[in-house]
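User: I would like to go through the labels used for this structure and see what each one rests on. Please set each value against its cut-off.

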Amino acid sequence: QVMNNVISVGGIGNFSKIDLTKVLAGKKASVNAGVGGTQEYVHGNCSPKDFETLMQLTYLTFTAPRKDEEAFASFKSRLKAQLESAEANPLSSIGDTLSKVMYNNHPRIINLKPDMVDKIDYDRVIELYKERFANAGDFNFYFVGNIDLEKDKLLIEQYLGALPATGAAKESIRDNHVDIQKGNILKEYAKEQQTPMATIIMLYSGQCKYNLRNNILMDFLTQTLDIIYTEEVREKEGGTYGVSAGGELTKAPKEQLILQIAYQTDPAKKDHLNGIIDQQLQKVAAEGPTAEHLQKIKEYMLKKYKDNQKENGYWLGNLDEYFSTGIDNTKDYEATINAVTAKDIQQFAADILKQGNKITVVLTVPETK
């Protein structure tokens, strides 16, 4: 859980983090590395003239993580203070509670606590990091932007070509069975709060084929819900500043989806508003969005798509998606959006509800006697 932050505090090669900032003064180049649930990664960016610096930083990030006991002690002190501050805030408990309920206290889902900080083993973190970055032959590198192909290709050969490669077979993603609990689960608890408030998170999950169309349908569904909840809950009921709907599909280690709805309100209104939120989702699953809402969302998504195409980050994400999953988010994107009907969104929502997996976590205040 702390590996990425611990590694970054030490700097790289012969340079502490502070020294590195001084050395890079006047240059625009940065690189960060980390280990996620299913992959290890290196991200970086630079101005066109600083491409060689980007390559040097990448090389050192792979080969020379630096240990700095003083910086590590400072990191632990800051982390402990952050965690103690979070514990004092009742709202911080809802994320902890949601992950515990979602994953049924799975040992891989740890909510970091202040008393765990001193148990972090710096040597072990560096050992694990080196192990994950020992074989650069297992990496795909993507470059997007203002690139001088002839000149920069030579720099890529010089620095990335010199990275260690063990010749080991490509690794595959392992399923550690960190599975979301199935069924209808409610967890409600109370904590004293300075401003009495109820915070509600509803999370739907289930199986879903990972493809371009389903990713687009999830976007349509969450935007439909955002519009409806703004009208029905915020404006008509005046019950909250806003209801947030978000969703995502995952490809690995298994194909599944998550739809999350979250909001805050007066504790006295929570049950009434929960009923409206549920009723409106059921209505979308029965009827789909209105023609007006559908058209509004299509126009927004097509405009956003055109704007995104001007951004390097969009193309980087698409390259990674295509070579990781085989899905081309560019080729058929506009056609897929234009083909979406209200019936498609209705069916997508109905398929989620039909699977019957809903976790509701409610943080409220103690009842006054």
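User: Why is Lys-251 called partly exposed?

Analyst: This is a predicted model, and the value computed for Lys-251 is 36% relative accessibility. Buried means under 20% and exposed means over 50%, so Lys-251 at 36% falls in between and counts as partly exposed. Glu-255, with a relative accessible area of 25%, is partly exposed by the test of those limits.

User: What makes Lys-251 and Glu-255 a salt bridge?

Analyst: Their side chains meet with N and O 3.6 Å apart. The cut-off is 4 Å, so the pair qualifies. A network of salt bridges with shared partners joins Glu-40, Glu-131, Arg-132 and Glu-171. The whole structure holds 26 salt bridges.

User: How do you know that Lys-67 forms a salt bridge with Asp-123?

Analyst: The closest N and O atoms of Asp-123 and Lys-67 are 2.4 Å apart, and the limit is 4 Å, so the pair counts. Asp-123 lies in helix 6 (residues 122-132), while Lys-67 is in the loop between helix 3 (51-63) and helix 4 (69-88), so the bridge ties together parts that are 56 residues apart in sequence. Lys-67 also meets Glu-69 in a salt bridge, at 3.2 Å from N to O.

User: What makes strand 5 and strand 6 a pair?

Analyst: Two bridges are required, and strand 5 (residues 244-250) and strand 6 (residues 256-265) have 7, so they pair. The sense is antiparallel. Gly-247 has Leu-259 in strand 6 as its bridge partner, and a hairpin of 5 residues joins strand 5 to strand 6.

User: Which residues have the most contacts inside the largest nonpolar core?

Analyst: They are Phe-220, Leu-221, Leu-225, Tyr-229 and Ile-261, in a core of 45 residues. Among the elements giving two or more residues to this core are strand 5, strand 6 and helix 8 (212-236). Helix 8 supplies the largest share, 11 residues. Beyond its neighbours within four places in sequence, Leu-225 is in contact with Ala-245, Leu-259, Ile-261, Leu-281 and Val-284. A second, separate core has 28 residues, including Phe-75 and Leu-163.

User: How do you know that the length of helix 3 agrees with its number of residues?

Analyst: At 1.5 Å a residue, 13 residues should span 18 Å, and the end C-alpha atoms of helix 3 are 19 Å apart, which agrees. The buried residues of helix 3 include Phe-51 and Phe-62, and what covers the buried residues of this helix includes helix 2 (17-23) and strand 1 (29-35).

User: Why is the pair of Phe-51 and Phe-143 called tilted?

Analyst: The structure holds 14 aromatic pairs. In this one the ring centres are 5.7 Å apart, within the 6.5 Å limit, and the planes stand at 55°, between 30 and 60 degrees, so the pair is tilted. Phe-51 sits in helix 3 and Phe-143 in the loop between helix 6 and helix 7, 92 residues apart. Phe-51 is buried at 5% relative accessible area, while Phe-143 is partly exposed at 28%.

User: What makes Phe-62 and Phe-133 edge-to-face?

Analyst: Their planes are 80° apart, over the 60 degrees needed, and their centres are 5.5 Å apart, so the label applies. Phe-62 at 4% is buried, and so is Phe-133 at 1%.

Key:
Residues are numbered from 1 along each chain as its sequence is written. This is a predicted model: local features need pLDDT of at least 70, side-chain atom pairs count only at pLDDT 80 or more; totals for chains, interfaces and linings use all residues. Side-chain values use heavy atoms; hydrogens and water are left out. Helices (H or I, at least four residues) and strands (E, at least two) are DSSP runs, numbered from the N terminus. Buried means under 20% relative accessible area, exposed over 50%, partly exposed in between (1.4 Å probe, protein chains only). A nonpolar core is a set of buried Ala, Val, Leu, Ile, Met, Phe, Trp, Tyr and Cys residues joined through side-chain atoms within 4.5 Å. Contact means heavy atoms within 4.5 Å. The expected span of a helix is 1.5 Å times one less than its number of residues. Rings of Phe, Tyr and Trp (its six-membered ring) pair if their centres lie within 6.5 Å; planes under 30 degrees apart count as stacked, over 60 as edge-to-face and the rest as tilted.
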